[in-house]
Every structure is written in C-alpha cells, then in structure tokens.
Amino acid sequence: MHHSNLFAPPRVGRRRAQWATRLRGGLAMAALALLTACTTPITTKVTNFNAWPADAAGATFSFLVKPGTLGELEQATYERYVSAELESEGLRPAPAGQAGRFLVDVTAAGSQRKQKYVEPVYVNPPLIWYPAYRTRRGYVYPGYWGPDYYGPRYVGDRIVTRTLQISRLQVKLVEIASGPPGPARTVFDSTALYEGDIGDLPNLVPYLVRAAFEDFPGKNGEVRLLRFDPKTGEIVRN
C-alpha cells in the first residue's frame, strides 16, 4: 500500500494488519456504494507538506477535539481511517485521556460549484432523397428517403453549466511534545480533493485518506493525482 522512503518509520506487524484490514473494509464498502454511480476511475488531487521528524517511529498520537464540525459518529469514522494509516506507519494511539506527541486534526467537508464549458452541437438533418440507380448487372434500385449518409451535422457550440461535487479532506499533524520544551509545530499537512459527479462525502473519504497517506510522508510541496478503481478500491497504477 505504501512505498518505503527515507523518512518512513518501520512497519508494525499484527497491529498494522488489524488496522489495514479495517481500512480495506472501509474502502470495500465505499467501492460497493459507488459501483452503481461510477464506472470511471475516481481521481483525487493531493497536496502534501511535511517536516517529518526522523525519530517519529513508535511515537504516540491523539486527535484534536473539534465540537460541531461533523456529526460525532461521522467524525469518529473518518478518524478511524486516519488512525489505521498512522498505525501502519509505526505510530501508536496515546493512552485514553492523554495527549500524544502528535496531535491529529482531521477535517472533511463537501460542497458544490458551477462549471461552464463549451459543447459542440450536432443535429440530424431532415430525411434526404436517394435517387434510383442501376447496377452493372442491370438491376434497378428504386429511390428512397433516408437519413443523411454522413450522419449528424455540426451546427455550432453552446455553453453548458455543470454542477461539480467537491469533497475535501485535510489531515494535519502537529508535534506538541518532543525533546526540550518548545512551541508546537506542524510536521505533516495533507489536503486531498475530489471534484466530479459523486456527491456522497462518506463514500469518498476512504479514498481521500488513502490518497493523503500514499508514500507517507511524501515529498514536501508535492502535488499529485491519484486514481482509484471504483470496483476494487485499489490505486490505478498505469
């Protein structure tokens, strides 16, 4: 699921497998829900910034409590997806009631915007008369009215307005405890964006989470497009 890189902490065994199973379950349910609505790849745009510490392996994390952002159960579901990814990267949840070294802020939102584009217009002309003709063997085919042999004709362009559904996920990790006392600092900030026809945010968040953590922590300032197969939930590599 992830590719090793210079900054990636070591993997953990059984716990990683448990959390990976949960995340795959979320992607499987999302893929099933999207089967009837989407047959083309789900494209996400991801922007990552990081100053990931080299000694982060085994560090603890906890989630920022933000009352009123989303329904309690919905927010908790999204945080479980993120927690699965963080544990697969070698981090571990802080004990209940304690703050971890990294404070995780998860924000998901859906919106709409209008997009105008130019669309060519073709029309089928009225039936045309095809005259009678004689073959080399003398057989005569009678004339008839029929559709234009050349098909629909281009008559110009028109402006079309389309409603784009936008789903956005931001995952931010702030280091609040490490070494000597000092100010908190952001060490990972990823924004994953989907724009298209699918308007159900809960179905898209598993894909956005997967996109945000692909090749974690990634190159600083990198913008990438990741495509997912809606039937399997897997990344399309070609």
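## A nonpolar patch

L127 sits in the loop between strand 4 (102–123) and strand 5 (128–130); strands here are DSSP E runs of at least two residues, and helices H or I runs of at least four, numbered from the N terminus. This is a predicted model, where local features need pLDDT of at least 70 and side-chain atom pairs count only at pLDDT 80 or more, while totals for chains, interfaces and linings use all residues. Residues are numbered from 1 along each chain as its sequence is written, and side-chain values use heavy atoms, with hydrogens and water left out.

L127 has a relative accessible area of 52%, so it counts as exposed (over 50%; buried is under 20%, partly exposed in between, with a 1.4 Å probe and protein chains only). Together with W129, Y144 and W145, L127 makes a nonpolar surface patch of about 520 Å².

Strand 1 runs antiparallel to strand 11 (residues 222–228), joined by 7 bridges, with V46 partnered by R224. Another 7 bridges join strand 1 to strand 10 (residues 185–196), also antiparallel, and there T47 stands opposite T191. Pairing takes at least two DSSP bridges between two strands.

## Helix 2

Buried residues of helix 2 include Q75, Y78, E79 and V82. Just after the helix, G90 takes a positive phi of about 95°.

Terms used:
Patches are made of residues with over 30% relative accessible area and no salt bridge: like charges are joined within 9 Å, nonpolar side chains (Val, Leu, Ile, Met, Phe, Trp, Tyr) within 5 Å. Accessible areas come from the Shrake-Rupley method with a 1.4 Å probe; for residues, only the protein chains shown count as cover. A salt bridge is a side-chain nitrogen of Lys or Arg within 4 Å of a carboxyl oxygen of Asp or Glu.
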